[in-house]
Amino acid sequence: SNPFEVKVNRQKFDILGRKTKNDVGLPGVSRSKAIKKRNQTLLKEYKEREKTNVFKDKRFGEYNTKITPEEKMIRRFTLERQQNYGKKNIYNLNEDEELTHYGQSLAEIEKLNDIVDSDSDTEERGTLSAELTAAHFGGGGGLLRKKVSSEQQDEEEEKPKSRKELIEEMIAKSKQEKQERQTRRESALELTEKLDKDWKEIQTLIAHKTPKSERKDKEVEKPKPDEYDMIVRELGFEMKAKPSERLKTEEELAKEEQARLQKLEADRLRRMRGIDEEANKKRPSHMSADDLADGFILDKDDRRLLSYKDGKINIENEEEKEEDEGEEEEEGGEEEDNEDEEGSLEESASENEEGDAADSHSDLESDLESEEEAAGNKEEKKHKANENQSQNVEKSDPKREAAKSELPYTFAAPESYETFKCLLAGRTIEEQLIILERIQKCNHPSLAVGNKAKLEKLFGFLLEYIGELAILDLPELRTIDKLILPLYNLCQMFPEAASDSIKFILRDAAHDLEEVIEVKGRATYPALDTLIYLKIVSLLFPTSDFWHPVVTPAFMYMSQLLTKCRITTLQDVIKGLFICCLFLEYVSLSRRFVPELINFLLGVLHISLPKKQAQGYTVVHPFTPVGKNLELLLVCDKEDLKSWEKQNVPLSIVTRLKETSRTEINHTRLSCLALCFDLIKKCAALYESLPSFHEIMHPVRILLTQHVPVNEYPEKMQEWYHSALKELESKVKHYTPLICEKKKPVPLKQYTPKIVKVLEFGRKQAGSKKEQERKQLIQRHKRELKGAIREIRKDNQYLARMQLSEIMERDSARKRKVKELLGSLATQEGEWKAMKRNKWKN
C-alpha cells in the first residue's frame, strides 16, 4: 500500500489506560469495497429503474445445484399443501373434503339404489371377484393360490412401500369410510320413517274430543286475564307516534303572515266597496240524471242551464244568467215584488199553454213576436235589478262604514317622520301597537331587499316619537310603556342600527351638557325625554357587561349628571333619585360600585335637615354645606306630617309640580325621603361583600344615627328609617386586613442528614441492571441511526456522481457531434467556394 494513502486518526489528548481503535486506517481498501458493492446493488437498480420487462424466477430451489429435481418437486408440493392447509383447513378436525356430483353434495343424497363411489369403479362394475371364481369354479385351487399369494404379500410387506402405493391405500381407506357413513345414514333415515309411521298410528288412538257440556264448563271456569296482560295488549294496539310537521323558518313564517294580512285587507276593501262575495259565487249548472259526462272538458264547462221562459226554452249566456241570478237574490227580500212577478209568470204561462193548444206549429211572425217580448222582459228585469241594487247599497251603508273605520291590514313602511306621525295620529294605544306590528310583518327583511333599511328607519322614528310624548305638558308615560315592546322587537332584529341610534342621542346629550358647563359653569338636569331614553337603554341592552358600546356611555353620562348638575329645586331631587334607581338597576347583576350614588343619597339626607344643625360629616359637590338651596326636603308642618301616606313618586309630577298645593308638595318631599331610605337599604344589601363597605357607608350611618330627627316623622317613615339603619348595622366584616409580620419565623432544627448525590459528568453513572441495559440500547440505537444516516448520504452521493457522469457523457457526445457537423459544413463551404472560383476563371 502507498504510505501516503494511510490515514492516521490523531487524538487531541492522550489518556492513560484508554485503548484506542482505528488509529491507522487504509481508506482506499474499504472505499473500493464499498464502491464495488454499490456497483452491484445500487448501480444495477439505478440502470433498471425504468425497465418493466425483467423476469425474476422465484421458484423454490431453482438455482440450488445441490438438490435433485425430485426433491425440488417434493418440497414445492409440501410447501403448497402447507399454504393451503394453513388458510382453508385451519379449523378442519380430521374431516375429509366434501365431494360433489353435478353440483350436489354426495353426503346429502339420501337414497341411492346404485351407489357409485368414483369414476374408476365403473370399469369393474358387473364383474366377479377373483376369490369367488377360484372358490366355486376352480375346485379348491384358488385357495392354494390364496395361500401362496398371502406368503408373497408377507414378503412384500417387508419391503418399503413407494409413494404411489401409499397414496392408493389412503384413497381406498377414504372410500371405505365414506361407504360406511352412507350406509349408517340410510339406516338412520329408514328408522326415522318407521318411527313416524308408528307415531301416526298411535296419535289417532291418543286423540280424544271432549263433549260440548264439558267444554262449556271449562270455558266458564276460565280465569280472568291478568291486569299486566291487558296492559300489554292495549300497548300493542296503541297508535304509534306520528312525525310532526317540521318547524318553519323565519322567512316562511313571514311570507305566510304577509299573505294572511293581504287576504284580510282584500276582504276589508271588498266590504268597504259593498261587494258581496256570495252573490259572485256561481250556481252549479243543471245536470240530468241520465248524463254520462260524455262532453267532459277540463278547461271550461260550456253546458247551459235548461230553463223555460214564457212557455218556451230560454237559452242565454252565462254572464246574463249570473246577472239574473244576482238580481233575483237581491229581489228575494222584497215580498210584494215577488208576488207580482209570480202572478205575471202564472198568467204568461197560462196564455202560452192556451196558444200552444190552439196551434202547436208557430210561424216566423210568431217567433219574431216572442223574441221582441223576451227582449222587453229582459230590459224590465234589468231596470228592476238596478233599483233593487241601489236599495241594497243604501241598506249596506253601515257595513261599508264599519269597513272604512276598520284598521287596514297592510301598511307600507314610512319613509319620513311626518308620515309616521300621520299613521299614528288620532289612534288609541292598542291601535298604534297593531299598526306597528303590521308594519313589521308586511315589511319583514326576508320579503324584499330594501325592507331592512326601512325598518331600521322605523326604529329611529319610534325613538323620536317616544321623546315627543315625554316632552308634552302631560307626559303620556303609559303610551311610552306600551311602545317599548315594538321597540324591543326592532332592537332584536337590528341590534347594530338600534345601538347607533341610541348612541347618537346619548352623544348629543353629553355634548349639550359639556357646552352648558363651559358657558355657565354649572348645568341643570335634562328634560324628561333624556331620562326615559336612559331607562330604555336598560331594557334593550345588557347592563351586566364589563364594557358595552351603549350601556357604558349611558353609565358615564348618568354619573356626570349626579356630580355636575346642581340641586336647586324639588324637581332636581326627583330626577336625581330617578337616576339613582337607574344606577341600582344597572348594577344589580354586576354589583359594580358607584360612588356617585352613595354621595347623592348622602346629599339628599343632608337637604332634609335644618340649616343650623351641627355637622359631623362632609358633603361633596353638587351639595354644599351652606347656601340658599338647603332644606329642600325639610317639612315642618305637623298636619302634613300626620296626613302623609307612603306612595310612589310618579315621574310625571316633574312637569306639574308648580301647580300643586303646599300640602301635596310636603307629601312629595316626604315620599322622596322615604325613597332615599329605601335606596340606602338596597345599597347596603348590594355592597355588603365589599372589603371597604363600612368605610363607604360610615358617613351615611353617622347622619342617620346622630342628625336625622326620627321622632318628628310619621310612623311609616320611622319604619323605613329603622329598616335602613338595621340593614347597615347588621352587616358583619367579611374580611381580615393584611398585616406584615415583624420578623421571619425561626425554622425548627432537623437532625436527619441531607444527602446530596454528586454527579460526575462525562462518565456513565452506575445504576440498576435494567437501567444500564436501557442506556446501552439507547446508545446502540443512536450509533446505528448515525451509521444509517451516513450510509444513506454516501448512497445519495454515489447516485449523484452516476447521474453527473451520465450528463457529462451526453454533453460530450453532443459536443462531438456538433463539431463533426460544423466541420462537414465548413468543408462543404470550402468546396463550394473553390468550385465557384474555378467557374469565374474559366
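Tutor: Start with accessibility: buried means under 20% relative accessible area, exposed means over 50%, and partly exposed lies in between (1.4 Å probe, protein chains only). By that scale Glu252 is partly exposed, with a relative accessible area of 28%. Arg246 counts as exposed, at 56% relative accessibility. The side chains of Glu252 and Arg246 meet in a salt bridge, 2.7 Å from N to O. The term salt bridge means a side-chain nitrogen of Lys or Arg within 4 Å of a carboxyl oxygen of Asp or Glu. Side chains of opposite charge can pair when their charged atoms come close.

A word on the model. This is a predicted model, where local features need pLDDT of at least 70 and side-chain atom pairs count only at pLDDT 80 or more, while totals for chains, interfaces and linings use all residues. Residues are numbered from 1 along each chain as its sequence is written, and side-chain values use heavy atoms, with hydrogens and water left out. Here pLDDT is the predictor's confidence in each residue, from 0 to 100. The protein averages a pLDDT of 76, and 70% of the residues score at least 70. Over residues 113-126 the pLDDT is below 50. That stretch, 113-126, has 9 contacts beyond near neighbours in sequence, a contact being heavy atoms within 4.5 Å. Residues 316-372 also have pLDDT below 50, with 41 contacts beyond near neighbours in sequence.

The whole structure holds 16 salt bridges. One of them joins Glu791 and Arg38, with the closest N and O atoms 3.3 Å apart. This pair links distant parts of the chain, 753 residues apart. Glu791 sits in helix H29 (residues 769-841), and Arg38 in helix H1 (residues 27-40). Helices are DSSP runs (H or I, at least four residues), as are strands (E, at least two), numbered from the N terminus. Glu791 is partly exposed, at 38% relative accessibility. Arg38 is buried, at 12%.

Next, a pair within one helix. Asp500 and Lys503 form a salt bridge at 3.9 Å, N to O. Both lie in helix H19 (residues 495-520); because they are 3 residues apart there, about one helical turn separates Asp500 from Lys503. Asp500 is partly exposed, with a relative accessible area of 45%. Lys503 is partly exposed too, at 24%.

Last, a network. Salt bridges link Glu257, Arg260, Glu437 and Lys441.
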